[in-house]
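Welcome, and please open your viewer. We will go from one selection to the next, with a short note at each stop.

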Amino acid sequence: LASCASSDRDESGDTSAESGGGTFVFGAAGDPTMFDPAFATDGESFRVTRQIYEGLLTNEEGSADLAPALAESYEVSDDGLAYTFSLREGVTFHDGTEFDADAVCFNFDRQYNFTGLAASPAASEYWQNNFGGFASTPDVPSLYAGCEATDPSTAVITLTQTTSRFPAVLALPSFAIQSPAALEQYAADELGGNGDALTYTEYALEHPTGTGPFKFESWDQGNSEVRIVRNDDYWGDPSGVQEIVFRSIPDGNTRRQELQAGSIDGYDLVAPADYQELEDGGFQVLPREPFNILYLGINGGNVPGTSANPALKDIRVRQALAHAIDRDTVVSSLLPEGAEAAIEFVPPTVDGWTEDVTRYDYDPAKARDLLTQAGALNTTLRFYYPTDVSRPYLPDPAAMFEVISKNLTDAGFTIEPVSLPWNPDYLDAVQAGQADVHLLGWTGDYNDAYNFIGTFFADAGGGKAKAEFGGFSSPEVFTALAAGDAEPDVDARGPLYEQANKAIMDYLPAIPISHSPNALVVAEDVQGLVPSPLSAEDFSPVTVG
Amino acid sequence: MLRFIVRRLLQLIPILLGLSLLLFAWLRALPGGPAQAALGERATPAKIAEYNETFGLNESIVVQYLKFLGRAVQLDFGTSTRTGRPVLDEFLDRFPGTIELTVAALVFAIVIGIPLGYVAARRHGGVVDNTAIIASLLGVTIPVFFLAYLLRLLFAVQLGWLPGSGRQDVRIDATHITNFYVLDGLLTREFDASWDAVLHLVLPGIALGTIPLAIIVRITRAAVLDVVNEDYVRTANAKGLSTSVVRRRHVVRNALLPVSTTIGLQTGLLLSGAVLTETVFAFGGVGSALRQAISDRDYSLLQGFILILAVVYVLVNLLVDISYGLLDPRVRTR
Amino acid sequence: MLEVDDLAVQFTRRGEQPTRAVDGVSFSVAPGETIGLVGESGCGKSVTSLAIMGLLPQRGVQVTGSVRLDGTELLGAGPRTLRTLRGKDMAMVFQDPLSSLNPTVTVGTQVTEVLAEHRDMTGRAAQDEATELLDRVGIPDPRRRLGEYPHQLSGGMRQRALIAMALACSPRLLIADEPTTALDVTIQAQILELLRELVQGSGTALVMITHDLGVVAGLCDRVHVMYAGRVIETADRRPLFATPRHPYTGGLLGSVPRLDTGRGTPLTPIRGSARDTIPWSQGCAFAPRCDNAEDDCLTEVSGSTVPLEADGLRRELRCRHPLHATPAAAGAPAGATAASSAGASAGSPSTGSSSWSSSEGQQS
Amino acid sequence: MTVTTPRPGAGRRDRIDELAARAGQLSDGDGGESLLRSAVRRLRRNPVAILGAVIVVAFLLVALFAPLLAPRDPYAQSLLSEVRQGSIPGSRDGYLLGVDQLGRDVLSRLLYGSRQSLLIGVVSTVLGAVLGMALGILAGGLGGKVDTVVMRFVDILLSIPGLLMAISISVLLGASQLSLMIAIAVTQVPVFARLLRGSMLVQRDSDYALAARALGVRRRRIVFGHVLPNSLSPVIVQATLSLATAIIEAAALSFLGLGDPDISRPEWGAMLASAQSVLSIRPELAIYPALCIIVVALGFTLLGEALREALDPKFRR
Amino acid sequence: MDQAPGDPLLRVEGLQVHFPIKRGVLFDRTVGHVKAVDGVDLSVQRGTTYGLVGESGCGKSTLGRAILRLSEPTAGRVWFDGVDVASLKGEPLRQIRRRMQMVFQDPLGSLDPRQNVESLLAEPLRAHGLGGDKAAISTRLRELLDAVGLPTAALRRYPHEFSGGQRQRIGIARAITVEPDLLIADEPVSALDVSVQAQVLNLLEELQGRLGLTYLVIAHDLAVVRHISDVVGVMYLGSLVEQAPAEELYSSPLHPYTRSLMSAVPVPDPEVEDHRERILLAGDLPSPANPPSGCRFHTRCPWRQETRCDDEVPLLREITLTPTGAGALGATPAAVRPAVGGPHLVSCHWVEEIHDGRLQPKSPEEVAASQGVSIASGDTGHGTDPLIAGVDEPVGFH
Ligand SMILES: Nc1ncnc2c1ncn2[C@@H]1O[C@H](COP(=O)(O)OP(=O)(O)OP(=O)(O)O)[C@@H](O)[C@H]1O
Ligand SMILES: Nc1ncnc2c1ncn2[C@@H]1O[C@H](COP(=O)(O)OP(=O)(O)OP(=O)(O)O)[C@@H](O)[C@H]1O
Ligand SMILES: [Mg+2]
Ligand SMILES: [Mg+2]
């Protein structure tokens, strides 16, 4: 292990000669938090752990579809509750220990058995969102029933109910397989809480150990640099570069200029305004297929303790909102090429998308009419938008806010702007139902419509939707969504989701605005980076020079 | 002198106490209070209650303050909400970068500022003087971040002469011992790494050094003008001393007294985190961490950093005071 | 030795009328001689001395006339020549001993730097010489004082140190610009005594600048009284005090309360203040304050000084209506009452023509 | 003074007395000139002051008459549909300086922007000056224990560097134009407090204050009638300089995302901050507001420096 | 003191003003005192002038201020017309200040630069509710200006527009606005040119004659003091060393300090200058924070004796001696006004012996040698508080 941590440039020079060498420097938009994916929640951490770890499944290169990874194949029982995975053999973790079915079960049992701080929502958000409760919390239902290693290369995971999520979630980085030996050695579950926040374990900060094509090398926190190096014992194709450095450069302009100046080889979250210039400069802009939705959230006002504008309960006011927004101009002027106006909440590539929903064309006059009818002309909306953030679906929130806010004003609304920093203030506020209307969006985790619309509009308990949408209650929407989720047959889900989409667009709990691609950019001499709609790029095929 | 130092150190105590009280109150006055600040998006009423229980926030405010103070005295400034690391560690990771940047900015400001101010004063009313005045006025009125962007656009992107961000080229796999990259390079004899770190300091150093430069030019100029009209310079001339002795011993030496104070004050300010410059140059220092903490609403980090920086600032000012005493015999021999 | 001839200094400030601070001053000093330059504040004494030393600022100043030291013309001389002369052949002591010393440099260095510059003395030799010098001007424990800073010395000692620097190269000319004004009388007496001793025997010529008539009375061989940039009366010490001829000189003497006259001896002030002057180009600058003034004081510009042969003494005067007009007055008994009688004769009460000027006049 | 020829036959002393009266300034003529008036006179003769004043007045007028001067609605996204990522329409008929990334007329926004920027500058400076002066008066006027307590407090405020202080306040108050102004104001408070107190202490120990006390003038009258008015010069100078800094600080806070949340409201700092994203394709969008900020700040700084000179007793008369 | 015949307007008894020297590591402790005034007794008769002389720093101004309660006395009493000023507070103090006025050394500094002469002069009237309506005040101001010899046009002018002498006239006019009984003049002429000095001295004398004022004139110039005083007190390091009627003091100074002081004053008369005896003093004034023991003057005294001088504080005692020409000055006993008598007080152990010539002075060198190194009083430098120094620079945002 010691030899892993200390890298010697001269030594590694030899190996790079035979299998491609060099360093690939990637400009990230922020720092990771740590490298135990079970506890990670943010994209920057996942970007790194994806290169270090592998899950049972993964996504196909450049798409959201599932593909085998550590599991070469799987079978589902008829009731949809038991999944049997046949595992790849001859795989070792970076610490030299063997990967086998026990390791798989160890990982799932580990998360299911989280207690204390590890079981807090702050720590294990992905488990709780996807699997529900823990062994220690019997009152919270859990999707996870158990895992059994029937033989070293076969693992069986059983669930407590059918769900559209499974097995897609296994491609999520949070459920990647980590070295049981390392987890135990570095007490990976013993989160601390010192003073006012969680403190992560030595494992998560210094010894993340997986099976992936890269090994963790170092994290220079003061300088915001993460270094990973090629895993020479990787079971698959060896990585194209000897080393990858993820450098955090929060400012988008700086990222661009650094690429132009040659100090980095690529970066994420390219500002749409820069596409042209970068391409002209010989850089490769790699757009990701739009797999997201930007919407204007509406607060129906059923959340206790908040005071939303009651006018928004009126369907005519919501329709007015929908008609007020000039999606086409937004798409052409604010979003990168390849973006499209949204007519519903799922992207067209997802099963369940249908043309056959109620459309709300840009028509300020009609919007004004509707408002007048509803007696809500000039009603004041507290319009929330985030600062300090650039999201794939929302590259420039301020500009988006300005344009939509102008649209709404033109249609007869009065706008009271509220800006908050993205995380956590903005997310907290809008998810708690503080806003009247707000800008938010979603990038899909996997290719299933429920991942979009279910996440937003499903019954969040008590017959009400999430607080973000004002806890509206629409039985049509709820039942349509529940039906889709419960259908184990993937092919049968499509029509059900179409129904749901129609119901949603009739009810208008929010206004869909756009699906927009976002892009990575790499230097001219970088090859092999395939953009993923899920932003789940695998860096191992990358070569430089 | 020693007495003076001890006295000044002790005088700091009430200031530091007041400061800690202020920051303590600040965190408590934040919307939602410390629990909300710490738990952030994860805060639910139950969680908040639990948090308050755990961290003694239900105790009387006085007890809370005393505990806060007690921890602060032991250099425990809490943990960052975002990274979960102790604030002090975060600070120590980043402070070397800020120190390097500060030194770079000061070197720039001093090396250009003092001679320019001196020449401007010697050519009082002339072209050099007027240019220096205008430049120094521009120096304080141009928004730093704008200047930073311009510098980088020109020298890093268009001309490609200098690196435009970071502290060191990541491709140089340098060994870091002290986290002072320039120093580390020298220690490990990786001179290319040192040189690269120096190059990385140039643009941010210039951007950050502009305001101190402008102020140093102004103060030097004013001080030289003042000193030149002093009686003792006339005496020196009456003694028939050579021009160089008059300038060196009588003019410059005395003019540098106020300049040195100014430099000290600027050092204090620069060390307190060049938030704008570091952000633009993605420079791994205290300033960019502060910037990050603002956007992350990492209040505990903000609180801790501001407290530490204020202490640093106050201590630097104390050093300035003491060094002024050492420079000026009127104070030294009191 | 020093000859000042028709020296004039004009200050020009941007956007303002040029001011003639010194306007045709001529005098000369012989080796071993002490002359006094007296006059009220602002009459141009300091500017004269600075002009001699070549210490006036370069810009905004016009100096005309001639200043010769042992026949060398100083006015046109280059800065290098001046530097070698200054400190070596001519030296100067200033009014405020604290501000005239560099606060950040030890007294020792400030003394030895002169030695290094002009006598090529450094190191031990310079130290010893400096100690010697300080000892000579009466600074106790000179070796220790060398290492001290000016603020650690008392006012009197600072002035002594300045004098020591001035004397370091045994200059032939010493200009002392109000060297005692900032000091207490007892200290003033010490310093005056010191100057007197130093000048006697060494052959150094001393130009003593002061506004205190008493100081000149005890120290100088010859006195030049200045008013508004010009010397208006020049005389040897005794005749000047005995029979002041210029109304201004008389007025000054009549204004000074004397220690040896009793209460009730009236003071006979000059009316108005130094602000109430007219430019010399329009007549006698003193005319507006002068009780002897006649119309012709304004018509005919009293250009050069008039050597008065009448009293048989070396005396020059710039006045059309002097006091003691009759030669007989020259023989008037000099003594304790001379000044007051002079004042009395000058100060015949004016006949209150305008309320303003009369009220500014004498009140006794 | 003109050279007068003597009048024949005039009495022996008449002419001289006349001259004396004329030379002595007090003959008659108009009333005396107060220090303030002579300061203004000196200001009027100082080209630096005039330049500063012209700049400041010009911008004030622009701010005042922005609606009349602006060719278009600064909010109208009239050319938005022509904006593409990576290309923004430049100068053309009716859009002298082109449009910004949201298709709004840049010239109109700059003109309207002067309102916000000057408003922020003025309000925060006035706020900071008033609070600071209140503390200063308290300390400098009452002295003793009050002075000690107030000054310790001021020391504490001063121990937090300006930007950090402004950040803390903005974070505390949440983003809004008001909190932006308060944040800037708070950084100015200790500056003004110290300045006024220091200046008052000097004046309080002056002979004229002592004289007033000896005359039996009441303390309140001494403080407010004599000490305070005589202590204000440095405060006035500082206020002028602070106006410049306040405008620059507002831009910095906007850049840090702590500015006015209503970002469509034209304000130079916000315009500058948002133009950073299109710096490479339309650098003018950043340069225009930056120039406005620099020029206005320069105007106030020049005026302040000239005021400092005019009010400095060293330069009197 | 019980020697006062009649009823002195001002009587000062054992007045002390000590300024604490504060120093300390955390809290300022008083580590000593500057004994600016250290036990002064004096009395001033109505309608007369008391002149106080002494070298710079000997406590003259402080004494003057303490009498007016502008400095707080540490001990002692100040009787003004039968009232103990030292015990007054608040309104009664303010009221009594009307009757005791002050004229300052720096005429410009003592006038509020922002007020014109009219409001400067009217202010004391208003403060004391005197003067009545506008018209009455206006008349009164004209009278005042006339009394000090300024034209009415001066009313609308500001202090900086006057010459030094005129400013001092304004200062005097303001002091007499409220018709005081006592006028304390602290160096009223030392900032003025000689010619103007005489005008102001004459004015003071004229006003005294006209208004029956009582003066306490403080000055370092012996000639000035002699010129206008009836009784003169000589101060050295915070206490009186000699006090006598002016003529007597000048004709026969008894205290060694007074003698040397007088011998040091130059007289604008070569005859006198050439012939007088000079008694030079050694060294400088010792620091009042650390005054010498015994007789304060012993460190510089040419007549210092081995006994008594160093350890025994001499009392201020009355001496009656016939002038035997001990004073070097040819006296002019011109008693212009009825001499205000009073005893001749001296605080020296050896007055009689010195007067009789039984003791001979030593040279300054000998004195210095016997005292070791002369005591230097250094000026204190000043440190700059960086927080202060920093504030008027723009707050840089980096
Ligand atoms: N640098 C200068 N610029 C302009 N005017 C000057 C300058 N120096 C002196 N003067 C003017 O020259 C005149 C003479 O000044 P000077 O200093 O010689 O007077 P002084 O006789 O030495 O007076 P004092 O007794 O006050 O020292 C004054 O009116 C003064 O205002
Ligand atoms: N407020 C004060 N605090 C401390 N020391 C003081 C204060 N005022 C005066 N002193 C000291 O008291 C001593 C006497 O001062 P004072 O001003 O009374 O002397 P003075 O005789 O009037 O001198 P001068 O002739 O210089 O005016 C001096 O040593 C002075 O430093
Ligand atoms: Mg002079
Ligand atoms: Mg005094």
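Helices (H or I, at least four residues) and strands (E, at least two) are DSSP runs, numbered from the N terminus. This is a predicted model, where local features need pLDDT of at least 70, side-chain atom pairs count only at pLDDT 80 or more, and totals for chains, interfaces and linings use all residues. Residues are numbered from 1 along each chain as its sequence is written, chains are lettered from A and ligands numbered from 1 in the order in which they are written, and side-chain values use heavy atoms, with hydrogens and water left out.

**Stop 1: chain D**

Select D:Val57, D:Leu61, D:Leu64, D:Phe65, D:Leu68 and D:Leu69. Together they make a nonpolar patch on the surface, with about 600 Å² of accessible area. Such a patch joins nonpolar side chains (Val, Leu, Ile, Met, Phe, Trp, Tyr) within 5 Å, from residues with over 30% relative accessible area and no salt bridge (a side-chain nitrogen of Lys or Arg within 4 Å of a carboxyl oxygen of Asp or Glu). Areas come from the Shrake-Rupley method with a 1.4 Å probe, and for residues only the protein chains shown count as cover.

Helix 3 (47-64) and helix 4 (66-69) of chain D each bring at least two residues to the patch, and helix 3 gives the most, with three. Now pick D:Leu69, in helix 4. D:Leu69 counts as partly exposed because its relative accessibility is 46%; buried means under 20%, exposed over 50%, and partly exposed in between (1.4 Å probe, protein chains only).

**Stop 2: chain E**

Show chain E, with its 13 helices and 12 strands. Of its 398 residues, 59% are buried.

How many aromatic pairs are there over all chains? The count comes to 58, where rings of Phe, Tyr and Trp (its six-membered ring) pair if their centres lie within 6.5 Å; planes under 30 degrees apart are stacked, over 60 edge-to-face and the rest tilted. One of them is E:Tyr236 with E:Tyr257, a tilted pair at 4.6 Å centre to centre and 55 degrees between the planes. This pair links strand 9 (residues 231-236) to helix 9 (residues 256-264), 21 residues apart. Both tyrosines, E:Tyr236 and E:Tyr257, are buried.

**Stop 3: chain C**

Select C:Gln10, in strand 1 (residues 2-11) of chain C. C:Gln10 counts as buried because its relative accessibility is 17%. Its contacts (heavy atoms within 4.5 Å) beyond four places in sequence include C:Pro18, C:Arg20 and C:Val61.

Definitions and conventions. Patch = residues over 30% accessible without salt bridge, like charges linked within 9 Å, V, L, I, M, F, W, Y side chains within 5 Å.
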